[in-house]
Amino acid sequence: MDHLDKLEHQSIFILREAFHKIERLAMLWSVGKDSQTILWLARKAFCGHVPFPCVFMETSFDMPELIALRDRLTQEWKLNLVIARNDAALAQGMNHKLGRVTCCSALLKENLKQIVEKENYGGLIVGVRRDEDPTRAKERYFSPRDKHMEWNVEDQPPELWDQFNTDLAGGTHLRVHPLLHWTEINIWEYAQRENIPNVPLYFAQNGRRYRSLGCVPCTFSIESQADTYDKIREELRTTTQSERSVRAQDQESEDAFEKLRRDGYM
Amino acid sequence: MTATEQLKIVIVGHVDHGKSTFVGRLFHDTNSLPDGKVEKIKAACERRGVPFEWAFLMDGLQAERDQNITIETAQIWFRTPKRQYVIIDAPGHKEFLKNMITGAASAEAALLLIDATEGVQEQSRRHGYLLHLLGIRQIAVLVNKMDLKGYREETFRAIETEYRAFLKQFGVEPTWFIPISAYHGENIARPSAAMPWHHGPTVLETLDSFSVAQPEQNLPLRFPIQDVYRFDDRRILAGRIESGTLRVGDKLVFSPRNKVSVVKSIETWPVGGRTEAKAGESVGITLTEQIYVERGQIASHETDAPIESDVFQAKLFWLGRQNLEVGRKVKLKLTTTEVECQIQSIEKRIDASTLNEMDPNARGYIARNDVAEVTVRTKHPVAFDNYDRLVPTGRFVIVDGRQVCGGGIISKGEYPDRREVLSGIKSTNITWVKGEVTREARERRNRHKGGVVWLTGLSGAGKSTIATELERELFQMGLHTYVLDGDNVRHGLSANLGFAPEDRTENIRRVAEVAKLFADAGVLVVTAFISPYRDDRRLARSIMKQGDFVEVYVNAPVEVCEQRDPKGLYKKARAGQIKNFTGVSAPYEPPEAPELVVHTDRQTVGESVAQIIDYLKQQHIDQDFAI
């Protein structure tokens, strides 16, 4: 078994545990490289099927390329697409110029809270990785959130030998993180090996490419010549830029991202 | 490009012995820090008016920056030319032992830090012992802060000697002892000029010498069933192969319960048609014969099946806030099995920091951070292996109050396999012949014996009242029990019988036969019939297995019974409306040697019931079945 096999089979095991244990399970599908990987792994885990709804958080500032891929795959892979949008906030004109963190709070965090409540989801599969950010480094594979969606990071139950904390108190839901042990390079190694569909924005055009995708106004492309999988991996091997440095909302204060995460952000 | 090999390492040690600083240095020396990270930390330090700390790199959370203690297990990555490393920075504070265990449980190798100025401390010893318990065999001990001791060899050797002796007590030989200064980067990525007396490798060289764990493909097959899928017309058994190799055409036995079937296909997506799957793979299979299989069962080959038992010895570590008392019911999770269990007894309590044995009888519970050797009893038999033989099926966790609160490894020991008792087949060379479920098997599952409590006495003596109350009590104690009385027998089974002596005899014979079947089914039956003739009762007794028949004489003088006359029968009998009424117009032959007599004219119903239950307990009717 090589390292990609190990990563893959561990993630399949986690997805299957989640599916068995959690009633009303859903996955957050951003159509970015991580959630594309999860979708692919789910089809492996469930023998070609995706047996839960795929929730897309629409902000109205979404990248058109992501929407196009979303709609194509929903058809081709027979996905149960659920679109979540905070219409109330949008009606009041919410946008990033009112403050990036404020905007994220309303159009993503609050939006998520609303859809979880509305659909009564018992668990959400989310594509976070430990290598993305120090706060994500502290995550568990199965991580409970209380009814305010808050994450009690100081007192998380132990998680050992692939025995996860799946017994939930009322009012909580579980975040499931099947890619927690993957790195950004792993994602690309695996995408290449498996030929997983991804938006072309990740590959360099005219000297620039996107490394991480969010809303149009808050995501920046980087200078890059990496227009193939091999070049992307080579670039990541030597880069000293962090992955989320291209996401503007993280840069507003020392702990901006941490605060968002505690309050229920992905 | 070659595939990126990955090794997971855990860094443990006493609080403040410099783990986070060490990791910060490691990152810096391997060029693994993102641009601006060091500047960001330096700026944050200046803002707070504290000196620069490498530790801030790992301590990503605000709370930790304030407290300066690594609270949660964090994982980060760095690379050497040889491979990629996943670092789990485990905290040293005693309060946070659960995080250390969470971190270490997933590691393939460990670095244990000891502060040269403080020497071996409580958590140094505790962590060393727990690493051993968690099965980590690749360990390097780093003696840190050597700069503060003038890089003196004596300091290093003294600590090495002391700690080596400690580890040796439970058979651990560290791969290396390395003197380092994390703050100054001595012996981390480069050999230390300040410590020319150290001839061993640097930390990075040591790390590169560790090997990556590979799933055990050559050990016996263990395929725990995780789920059964019916998304389409296939019925797929999903799970991860924990050890061994599985092939199409293999005959599999599913433990517990020992059903057998043959692998028809290995289901994979997007490309199918595989004929073989190996340890570490999460797969799905279909079977040729559709037998009932559910999550929690372990598939193996017939020739080498797991042990099946409801009792085993284990080494247990406990992290729960609430103590784990002997006899308290908690949940055990072993691979995909979940079963109610309890600690039956504590054989040994170990202080993990001194290895001193504490008095196991001093208290009937295991407290937070205790390590103990215990006997675990599960409500139903489970399939498992000795940890020394097969790791994934030899360990378990305990869930208390919805959280994982402890873990254990199943000790080496001879477990008489329950397979034989339960199904009449031997675990070695299993052949599923008849699958007869024996009475013993039922009794083991029920956790009590079957039998008959035969109440005899006059009408109005209190038999039905006692029977009803006794049944309720036994039921609440968790026993399988049932009352046979005139109400449920005379209207059906014996509807064709009257009250003439020969009819009474036949009625009692039928009741006795039915009671025997119930007893065989593992039920504790209570019968409430006048059963006036000694010969009839003797017959009933003779039908039963010896010891199964408990005759209880429900004794009250006929005057008392007649006065009670709950159904107005004495009145009717005196008036000649009922013929052959016992005590009035037919005889009652009191038992000569009943197991018990209850005097209902002098005792309350509760007292009579208690007397019967006491007797049953003396007879070990509800004993736990020892191996």
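Before anything else, a definition: two strands pair if DSSP finds at least two bridges between them, and the strands themselves (E, at least two residues), like the helices (H or I, at least four), are DSSP runs, numbered from the N terminus. With that in hand, we can say that strand β4 (residues 123–125) of chain A and strand β6 (residues 173–176) of chain A pair in the parallel sense over 3 bridges, and that A:Ile125 has A:Val176 in β6(A) as its bridge partner.

Residues are numbered from 1 along each chain as its sequence is written, and chains are lettered from A and ligands numbered from 1 in the order in which they are written.

Let me stay with chain A. Its mean pLDDT, that is, the predictor's confidence in each residue on a scale from 0 to 100, is 86, and 85% of its residues reach 70 or more. Where pLDDT is low, the predicted coordinates should not be read in detail.

Now, in what order do the 6 strands of the open sheet in chain A run? The order is β3-β2-β1-β4-β6-β5, with mixed pairing. Because β3 (81–85) and β5 (142–145) of chain A stand at the edges with a single partner strand each, one side of each is left without a neighbour in the sheet. From one strand to the next, the twist averages 30 degrees.

Two loop residues of chain A also deserve a look. Most residues other than glycine have a negative phi, and most peptide bonds are trans. A:Lys78, in the loop between α3 (64–76) and β3 of chain A, has a positive phi near 55 degrees, and A:Asn195, in the loop between α7 (184–194) and β7 (208–209) of chain A, has a positive phi of about 60 degrees.

Turning to chain B, we find 16 helices and 28 strands. An automatic or database domain assignment gives domain 1 (6–209), domain 2 (223–304), domain 3 (309–420) and domain 4 (444–618) of chain B. The centres of domain 1 and domain 4 of chain B, taken over C-alpha atoms, are separated by 74 Å.

Of the 627 residues of chain B, 45% count as buried, where buried asks for 20 or more other C-beta atoms within 10 Å of a residue's own, exposed for 12 or fewer, and partly exposed lies in between, with C-beta atoms placed from the backbone.

Which residues of helix α13 (residues 534–543) of chain B are buried? They are B:Asp536, B:Arg537 and B:Ala540. These residues cover an arc (of the directions from the helix axis to the C-beta atoms) of only 95 degrees, which puts them on the same side of α13(B). The face turned away from that buried side carries the exposed residues B:Asp535, B:Arg538 and B:Ser542.

Finally, chain B has two cis peptide bonds to point out: one from B:Ser255 to B:Pro256, with omega near -10 degrees, and another from B:Trp269 to B:Pro270, with omega near 0 degrees. B:Pro256 lies in the loop between β10 (251–255) and β11 (259–267) of chain B, and B:Pro270 in the loop between β11 and β12 (276–278) of chain B.

Methods. This is a predicted model: local features need pLDDT of at least 70, side-chain atom pairs count only at pLDDT 80 or more; totals for chains, interfaces and linings use all residues. Axes are lines fitted to C-alpha atoms, for helices over the stretch in contact, and angles run from 0 to 180 degrees between N-to-C directions.
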